[in-house]
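Here's a quick briefing to get you started. Have a look at the structure first, then go through the points below.

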Amino acid sequence: MKIGVRAHDYGKMEIERLAAVLHDEGYQAAQLALPKAFSGIDTYDDITPEHLTRIRRAFEDAGIDIPVFGCYMDLGNSDDAVRGKAVDTFKKCLTYCKEAGAKMVGTETAYPRLTAEEKKVWYPYMKDSIQRIAEEAQRVDAVFAVEPVYWHPLESIAATLDMLRTVNDPQHMRLIFDASNLLSDPSIDQDAFWNDWLEAIGSHIDAMHIKDFTLDADGGYVPALLGEGVIDYSAISRWLHENRPDMYLLREEMVPAHAQKDINFLKNL
């Protein structure tokens, strides 16, 4: 496994400085959301060819892969203007991704937490967005990855398989797997739950987000150090060793003061 991190959890810095910080912490990989990670880039419209060249050089020099170029867009939004802007921005990032030396552009399928009824309404809009993105990915020969989330339109194994069948292009469409974004009820049999997910879609996963959480008195999400929350990574660990020992494991919600403890957890995973 290659151990990585969501880079902007370390704050917003100059490109070369952030690459050096991540190298010194011991990471092998980083997920980059450019407007959140780098000084001088506040929106995706601010990205220049010079930025992309500097990113490629700085991260290559630091020995850090860029498995995910983050461009998280509201792809299922029922508002045509919002959705259109999201798709156009994502399409631009397919080219940026290649120029920066990243492996794929990653996204979820919505911004807000949706009700069951809203997810049904947004689902066809999401499918349309992803199909248009897939067409562009094929045209420029780039790779994009979609992340299932239980409160978004791409919420379940069935929905994810439907989307994969619709696009039918594993060369250009991949998946990001985030256990914390799929576990709506921590009291379930997690071994069975993760085995079901990984048996169904495992061959399409190219990166995993690794994080953990607890629930407050009102059932709200509270980030936790790895291994100190409700996620049972046993089945996921077994699957990784048996099927994908080359997987990128990207720590999200990193607290830099506790980085080494979390990195050790990832190495053991």
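Predicted model: local features only at pLDDT ≥ 70, side-chain atom pairs only at ≥ 80, totals over all residues.

**The nonpolar cores**

- The largest nonpolar core counts 84 residues, and Phe59, Phe69, Phe177 and Met208 have the most contacts inside it.
- Setting aside neighbours within four places in sequence, Phe177 touches a list of residues including Trp194, Trp197, Met208 and Ile236.
- Another core, of eight residues, lies apart from that one, with Ala29, Val68, Ala145 and Leu250 among its members.

**Helix 4 meets helix 5**

- The axes of helix 4 and helix 5 (residues 116–140) come within 10 Å and cross at roughly 30°.
- Angles under 35 degrees count as roughly parallel, so helix 4 is roughly parallel to helix 5.
- The crossing of helix 4 past helix 5 is right-handed.
- On the helix 4 side, the contact involves residues including Val87, Phe90 and Leu94, while helix 5 brings Tyr125, Ile133 and Val140, among others.

**A hairpin to look for**

- Strand 8 (residues 212–215) and strand 9 (residues 221–224) run antiparallel, joined by four bridges.
- Thr214 sits opposite Val222 of strand 9.
- Five residues lie between the two strands of this hairpin, where Gly219 takes a positive phi near 80°.

How values were computed: Residues numbered from 1 in each chain as written. Heavy atoms only, no water. Pairing = 2+ DSSP bridges. Core = buried A, V, L, I, M, F, W, Y, C linked by side-chain atoms within 4.5 Å. Buried < 20%, exposed > 50% of the residue type's maximum accessible area, 1.4 Å probe, protein only. Contact = heavy atoms within 4.5 Å. Axes fitted to C-alpha atoms, helices over the stretch in contact; angles between N-to-C directions. Parallel < 35°, antiparallel > 145°, perpendicular 65-115°, else oblique. Left-handed = near helix turned anticlockwise from the far one by under 90°.
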